[in-house]
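This report walks through selected local features of one protein chain. Have the sequence and the coordinates open while reading.

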Amino acid sequence: MTLEELIYKRLAGSEALIKHLASYNGAPAVFSTSPPDESQEEGWAGNTQYPMLVYSFDLQANTERHSAGALSVDLLCRNTADITPEDIVPQVRECLRDVILKPEGGSPYCFAWARTDAFTQEEKNGGMTVGSEIRFDILEYPPQETTDPDPVMAASKYIKELFPECLIMGYDRMEEITEATAEKPVVYCRLEYTDKSRETNTVAWMDGRIAVHILCPETGTRVKIAAAIANRMSLDGEITMLDHSPMFIKRLQANYKSDYLKDGQIFVTGHYGILRYRAKPHALQSVHARNM
């Protein structure tokens, strides 16, 4: 599925949300383009078209907000109805909270609530529509796998061994829609930068800074997992790379109040080596047969 289809599937599949929405052609009134008007009575089955959701997104990176784009969800209600946009906004936010969508052939995306604005608009028939625009930052979590020795994959494997119940992005297989929960948090490791520290005749020593994100709706669970990872790394002092070489923990920081979606909670600087020369296996040059 595409990202647009996955957003629709998530919104239209939320029982807590769609019970407040109208129906069109037997489906929840969730639209990605301009919704059909009331003149199309057959689709609305003679009922009101409100409340409804109309969403749109733009995948244009915003470096200031550390986002890969923006998602806008317009919630429309009739001003004469008993239910108001404020009654439904929490369900919209909860529906997209700590959920990861992975479109086919693309990177996983997550949504961080940015703001909610109320508005009103007049209709052609003289009625009044009241609504709320709910905006989210779209955050992309691209694959971080590089080449051996790979510090990110080493950190992902290390955390997976500590917490097998966690889903590690880039290490575990992900479904199209993954919801991070207290029982199954989602962890994402990314490489911020690498610096060459020093070099010898055989090894180039690198410093790589890794940020670890722990996605979970419960603050207490996030803090416990982050503290456990930081403490274990501090005690071990090193992480074994996939080629069995060590990556020494040179510096470790943990910020339990940082934005876990955009910044991460644990920041590790690993010190590891890249071999200049690799041992060459013995090559068979020729064969001499000897009769006995």
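Is aspartate 98 buried or exposed? Aspartate 98 counts as buried, because its relative accessibility is 1% and the cut-off for buried is under 20%. The model is a predicted one.

**Backbone**

Aspartate 98 sits in the loop between α4 (85–95) and β6 (99–101). Its phi is positive, about 55°, although the residue is not a glycine. Asparagine 25 also has a positive phi, near 55°, and is likewise a residue other than glycine. Its place is the loop between β1 (23–24) and β2 (27–28). Asparagine 25 counts as exposed, because its relative accessibility is 57% and exposed means over 50%.

Cis peptide bonds come next. One joins tyrosine 50 and proline 51, with omega at about -5°. Proline 51 belongs to the loop between α3 (41–44) and β4 (52–58). Another cis peptide bond joins aspartate 148 and proline 149, again with omega about -5°. Proline 149 is in the loop between β8 and α5.

**Aromatic pairs**

How many aromatic pairs does the structure hold? There are two. A pair of aromatic rings is described by the distance of the centres and the angle of the planes.

| Pair | Centre to centre | Angle of planes | Type |
|---|---|---|---|
| Tyrosine 24 and phenylalanine 31 | 6.0 Å | 70° | edge-to-face |
| Tyrosine 141 and tyrosine 188 | 4.8 Å | 70° | edge-to-face |

Why is the pair of tyrosine 24 and phenylalanine 31 edge-to-face? The planes of its rings stand at 70°, and over 60 degrees counts as edge-to-face. Tyrosine 24 and phenylalanine 31 are both buried.

The pair of tyrosine 141 and tyrosine 188 links distant parts of the chain, 47 residues apart. Tyrosine 141 is in the loop between β8 (128–140) and α5 (151–162). Tyrosine 188 is in strand β11 (residues 186–199). Tyrosine 141 and tyrosine 188 are buried.

**Surface charge and a buried leucine**

Which residues gather in a patch of negative charge on the surface? They are Glu4, Glu5, Glu104 and Glu176. Glutamate 4 belongs to helix α1 (residues 3–12). Its relative accessibility is 36%, so glutamate 4 counts as partly exposed.

Leucine 215 lies in strand β12 (residues 203–215). At 0% relative accessibility, leucine 215 counts as buried. Leucine 215 and lysine 9 are separated by 206 residues in sequence. In space, their C-alpha atoms are 21 Å apart.

Terms used:
Residues are numbered from 1 along each chain as its sequence is written. This is a predicted model: local features need pLDDT of at least 70, side-chain atom pairs count only at pLDDT 80 or more; totals for chains, interfaces and linings use all residues. Side-chain values use heavy atoms; hydrogens and water are left out. Patches are made of residues with over 30% relative accessible area and no salt bridge: like charges are joined within 9 Å, nonpolar side chains (Val, Leu, Ile, Met, Phe, Trp, Tyr) within 5 Å. Accessible areas come from the Shrake-Rupley method with a 1.4 Å probe; for residues, only the protein chains shown count as cover. A salt bridge is a side-chain nitrogen of Lys or Arg within 4 Å of a carboxyl oxygen of Asp or Glu. Lys and Arg count as positive and Asp and Glu as negative; His and the chain ends are not counted. The place of a charge is taken as NZ of Lys, CZ of Arg, CG of Asp or CD of Glu. Helices (H or I, at least four residues) and strands (E, at least two) are DSSP runs, numbered from the N terminus. Buried means under 20% relative accessible area, exposed over 50%, partly exposed in between (1.4 Å probe, protein chains only). Rings of Phe, Tyr and Trp (its six-membered ring) pair if their centres lie within 6.5 Å; planes under 30 degrees apart count as stacked, over 60 as edge-to-face and the rest as tilted.
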